[in-house]
Protein chains: 4
Amino acid sequence: MKEHNILTESKQILIRFSEVDSMSIVWHGSYVLYFEDAREAFGRKYGLTYQTYFDNGFYAPLVDMQFEFKQPLVYGDTARIEIEYVPVQAAKVVFRYRIFREKDNVLAAAGSTTQVFLDSRYKLVLYNPDFYTEWKRRNNVL
Amino acid sequence: MKEHNILTESKQILIRFSEVDSMSIVWHGSYVLYFEDAREAFGRKYGLTYQTYFDNGFYAPLVDMQFEFKQPLVYGDTARIEIEYVPVQAAKVVFRYRIFREKDNVLAAAGSTTQVFLDSRYKLVLYNPDFYTEWKRRNNVL
Amino acid sequence: MKEHNILTESKQILIRFSEVDSMSIVWHGSYVLYFEDAREAFGRKYGLTYQTYFDNGFYAPLVDMQFEFKQPLVYGDTARIEIEYVPVQAAKVVFRYRIFREKDNVLAAAGSTTQVFLDSRYKLVLYNPDFYTEWKRRNNVL
Amino acid sequence: MKEHNILTESKQILIRFSEVDSMSIVWHGSYVLYFEDAREAFGRKYGLTYQTYFDNGFYAPLVDMQFEFKQPLVYGDTARIEIEYVPVQAAKVVFRYRIFREKDNVLAAAGSTTQVFLDSRYKLVLYNPDFYTEWKRRNNVL
């Protein structure tokens, strides 16, 4: 059985006042930004950002996005986002996320995102683009 | 077999410039607002808004939120959000959403949200609050 | 003395839950969206939207944005945004905004925005583009 | 003539994909968050955050917010926000902001914010609250 590398990145964030709603807890929509922050940090670490896609002639929009909210985060909390790359055969980029409240290491939220490839004319690409296959090979997640 | 009412609401929105990303399509995070707009319109139609929860001594934060993106929306598009209440036995408020591009009636996105009840001290409430059971009975979704 | 037309538009909005902060009043950043909503409504009424600029080979980014907050708006409030076009000689698009709380007609906020023209290579355009001069003439604000 | 301390803080930010609009430059509304980030960083450095106000029985909402946009920021840019406390006699908290593009140290944007004090019943406070006068004295900005 083949073994993959497990690619992960971790990012600390400080909850902003503007991210909190009138219940004084982080508004659910703010987690979209936290996932994006983690995805960007991952991308910079492993060389797979929006810019990478674009420079290779592709877009990589999300087609699926899921969130579970377990415990509230409040203004002033520090949170740690852990992102993990999920290897799949299909022409997709899948990530799993877990957000922890730093002060007690409690799992605050979890979720996943799936991206597909569009070419420069916004047409869905059903095969894995070469640059992506190469990226997978280089990172031992093929 | 018991039959429920099907409670729905429909809301038209015009895609804002600020909701579009550098791919010139609606940014995935904007859909959180579209779902919220639909939930609010539903709430006003059937008397079940954040204010309703609050006036009865409860909060109703989201614990689950899911999105599927099928076709892009662009700046200037008109979209129609259809929201449907999903009756469940548990002390939860569940909605399903579908977003259509008005010009060709294509399904652009779909998803769901689940809310639970917290009491005024932010403790999870495991039973259906009286006001909610009464609301369900009144709307024939019990 | 030459007299200009006064071009205005008015738009009603319902305050969203997500626009309110933990003080339970509308977060100051939400007003950026309200101004944008008004600008878009104005643009559709008079034919001067982001799309109009783009179709004529220009961008029109903001270079100045000012807000005064007078009275709070809260979740569930209805507000009325009034936008007025401010004629200037320079190659700029200037708007003034006033936001009223509908229930008591109190002025909640006021402000202004200024846009300039960039050509398709993002270079500042110091003259009034032809399409804009024509638009001004047609609307008697030249 | 009395001399004040000059209180400043500086914060680096990395431009997010979601902050960029379809012109591929940072959307003007994103600067509200950048100013907030700087204000928060200042507050943590000098002990004057939303939490400080709240713990002393006050709110400190914005009553004025101004932005000038000089040069665009793009996705992937690093920016440096410099915030400076502006001492005034009135019961207000005033900050000035300058945002620089790190790669060439060009001034990208500037602006200011003014906050006032509300008591716990949301009534405007016309005098400087004791905790704030004490804070000013401690920091030699009285």
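The model is a predicted one, so local features are reported only at pLDDT of at least 70 and side-chain atom pairs only at pLDDT 80 or more, while totals for chains, interfaces and linings use all residues. Residues are numbered from 1 along each chain as its sequence is written, and chains are lettered from A and ligands numbered from 1 in the order in which they are written.

Strand 6 of chain A is a handy place to start. Helices and strands here are DSSP runs numbered from the N terminus, with at least four residues (H or I) for a helix and at least two (E) for a strand; two strands count as paired if DSSP finds at least two bridges between them. Strand 6 (residues 106–119) pairs with strand 2 (residues 58–59) of chain A in the antiparallel sense, over two bridges, and here Phe58(A) has Asp119(A) as its bridge partner. Strand 3 of chain A also runs antiparallel to strand 6 of chain A, this time with seven bridges; Asp64(A) sits opposite Thr114(A) in strand 6. With strand 5 (residues 92–101) of chain A, strand 6 makes ten bridges, again antiparallel, and Arg96(A) is partnered with Ser112(A).

Two hairpins involve this strand. Strands 5 and 6 of chain A form one with four residues between them, and Asn105(A) in its turn has a positive phi of about 60 degrees. Strands 6 and 7 of chain A form another, also with four residues between them, where Tyr122(A) in the turn has a positive phi of about 70 degrees. Strand 7 (residues 124–125) of chain A is joined to strand 6 by two antiparallel bridges, and Leu118(A) has Leu124(A) as its bridge partner in strand 7.

Turning to the chain A–chain B contact, residues are taken to touch if their C-beta atoms, placed from the backbone, lie within 7 Å. On that basis 16 residues from chain A meet 16 residues from chain B. Helix 1 and strand 3 (62–69) of chain A each give at least two residues to chain A's side, and strand 3 supplies the largest share, eight residues. Sorted by class, chain A's side holds eleven nonpolar, three polar and two charged residues. (Nonpolar means Ala, Val, Leu, Ile, Met, Phe, Trp, Tyr, Cys and Pro; charged means Asp, Glu, Lys and Arg; the others, Gly among them, are polar.)

Strand pairing carries on across this contact: strand 3 of chain A and strand 3 (residues 62–69) of chain B pair antiparallel over five bridges, with Glu68(A) opposite Asp64(B). Within chain B, strand 3 pairs antiparallel with strand 6 over seven bridges, and Phe67(B) stands opposite Gly111(B) in strand 6.

Copies were superposed by least squares on the C-alpha atoms of residues with pLDDT of at least 70 in both.

A rotation of 180 degrees with 0.0 Å of shift along its axis superposes chain A on chain D, at an RMSD of 0.0 Å. The two copies use the same surface, as 100% of chain A's contact residues recur in chain D.

Asn105(B) lies in the loop between strand 5 (92–101) and strand 6 (106–119) of chain B, and its phi is near 60 degrees, a positive value in a residue other than glycine. A residue is called buried with 20 or more other C-beta atoms within 10 Å of its own, exposed with 12 or fewer, and partly exposed in between, with C-beta atoms placed from the backbone. Asn105(B), with 8, is exposed. Tyr53(B), in helix 2 (residues 50–55) of chain B, is buried, with 22. Leaving out residues up to four places away in sequence, Tyr53(B) touches Phe58(B), Tyr59(B) and Ala60(B).
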